[in-house]
Amino acid sequence: MRNLTRIFSLLLLSAGLFLMPGCSSQKAQSAPSIAVPVVVAPAIEKTVPVELRAIGNVQAYNTVQVKTQVPGELTGVFFKEGDDVQRGQLLFTLDPRPLESDLKRLQATMARDQAEAANARAQATRYAKLMEEGVVAREQYDQYRTQAEAMEAAAQADKSAVETARLQLAYTKIFAPLSGRTGSLLVHRGNIVKENDDKSVLVAINQLTPIYVEFAVPERYLPQVKAQTSAGKLKVQAVAPGETTPEEGTLTFVDNTVDPTTGTIRMKGTFANPSRRLWPGQFVDVVLRLSERPNAVLVPTPAVQTGQLGQFVFVIKSDMTAEQRPVKAGEAVEGSTIIEQGVQPGERVVTDGQLRLVPGSRVEIRQAGASPAAGASSAK
């Protein structure tokens, strides 16, 4: 009897344990699901520019390292470091006295040789008449004629030497070869400089207006660039650090070789740079506009997510549930992304709150910037 009672109690306990999960599952199924607060934005259709973006480096349009062409003492500096100079402006002077002395010496030599050459010509003329009269032999006349010609050649050589000395003397004044901005003064007044010496660079001048911006783009865009440049000049924009307004320029150079190590090709844009916001050595954001694309479908870039199967967006259906839809995303344009396939204009996509969503989740739309906790409490 006691054994029967124990068996009956165990059967009742097992039946109770079996029924409890069923009751819990029924309660869970009957409990209403909570709406997930999300921020949405409509997919829009519009004409967008097709652009390439890159990091560029600003380069001077022209750079000249000013050196001296004659040795001597630097006696004058006629600008300050960082000054803007114009082409032909006097920059430096060297001590001219040694070269002036050489010029005077060569001028005296030339005068002497010219006088001797004149005398030799006169003698040759006289001996020519005497030879015709039969007074002197032809060999004697040939001797004086040759001497006259030699003196003429010496006088011509002296004249060339004098011209060279004048040119060397002119080099004691150094003028700006182009208009631009000077850099640091590398040799100061009183120093002795040598001609065409790499260590005797006096100053460097950079031409800032216009100016170059060099950048590189992937080689896969080269056919598009070539096709567009054959139709006309392409526009290039450059934004310097701390600036918001871009500088406008045109594409003026495409390199003749693709870099095999990086798979990119170098290009240059030329900018008028009237306000000098672009400065040599700066790194700038570059935008190369290739063309315009009409009827492009765009969604905010945060709406595009990446999963194991590729890129996708959450689309809000009419019954306020979320549909996970695979998409083919294209280029990014000013905070938006072009959707090549997967979304139609006017459909609403989730831009914030995707982490709490699963396919089929009910959603509640909230304003951008609202607290998720606030949205969740209002959903309750």
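**View 1**
The expected span of a helix is 1.5 Å times one less than its number of residues. Helix α3 covers residues 138-170, which is 33 residues, so it should span 48 Å. Its end C-alpha atoms lie 48 Å apart, which agrees. Helices (H or I, at least four residues) and strands (E, at least two) are DSSP runs, numbered from the N terminus. This is a predicted model: local features need pLDDT of at least 70, side-chain atom pairs count only at pLDDT 80 or more, and totals for chains, interfaces and linings use all residues. Residues are numbered from 1 along each chain as its sequence is written, and side-chain values use heavy atoms, leaving out hydrogens and water. Look along α3 for its buried residues (under 20% relative accessible area; exposed is over 50%, partly exposed in between; 1.4 Å probe, protein chains only). They are Y141, A148, M151, A155, D158, V162, A165 and L169. Helix α2 (97-133) is included in what covers them.

**View 1. D113 on helix α2.**
D113 is found in helix α2. With a relative accessible area of 8%, D113 is buried. Leaving aside residues up to four places away in sequence, D113 touches (heavy atoms within 4.5 Å) M151, A154, A155 and D158. Among the buried residues of α3 are M151, A155 and D158. The side chain of D113 also makes a polar contact with the side chain of R112, at 3.3 Å. A polar contact is a pair of N or O atoms within 3.5 Å; within protein, one must be able to donate a hydrogen and the other to accept it, and residues adjacent in sequence count only if both atoms are side-chain atoms.

**View 2. Two phenylalanine rings.**
The structure holds 4 aromatic pairs (Phe, Tyr or Trp rings, six-membered for Trp, with centres within 6.5 Å; planes under 30 degrees apart are stacked, over 60 edge-to-face, the rest tilted). One of them joins F79 and F92 in an edge-to-face arrangement. Their centres are 5.3 Å apart, with 85° between the planes. F79 lies in the loop between β3 (72-77) and β4 (84-85), while F92 lies in strand β5 (residues 90-94). The pair therefore ties together parts that are 13 residues apart in sequence. F79 is buried, and F92 is buried as well.

Strands pair if DSSP finds at least two bridges between them. Find T93, which stands opposite K173 in β6.

**View 3. Strand β9 and its partners.**
Strand β9 (residues 203-218) runs antiparallel to strand β2 (residues 44-66), joined by 9 bridges. Here V64 stands opposite I205 in β9. Strand β7 (residues 180-182) also runs antiparallel to β9, with 2 bridges. R181 has N206 in β9 as its bridge partner. Then comes β12: β9 and β12 pair in the antiparallel sense over 8 bridges. A216 has R266 in β12 as its bridge partner.

T270 is found in strand β12 (residues 264-271). Is T270 buried or exposed? Its relative accessibility is 17%, so T270 counts as buried. Residues up to four places away in sequence aside, T270 touches Y61, P210, I211, Y212, G249, T250 and T252. The side chains of T270 and T252 also make a polar contact, at 2.7 Å. Now turn to K268, which lies over the face of Y212, at 4.9 Å from the ring centre. The charged end of K268 sits over the ring of F253 too, 5.8 Å from its centre. The test is NZ of Lys or CZ of Arg within 6 Å of the ring centre and within 35 degrees of the ring normal.

**View 4. L186 in a loop.**
L186 lies in the loop between β7 and β8. At 51% relative accessibility, L186 counts as exposed. L186 touches V201 and L202, residues up to four places away in sequence not being counted. L186 and L202 are 16 residues apart in sequence, yet 5.2 Å apart in space, C-alpha to C-alpha.

**View 5. Strand β19 and two partners.**
Strand β1 (residues 36-42) pairs with strand β19 (residues 348-352) in the antiparallel sense over 4 bridges. V39 has D352 in β19 as its bridge partner. Strand β15 (residues 310-316) and β19 pair in the antiparallel sense as well, over 2 bridges. There, V315 stands opposite V349 in β19.
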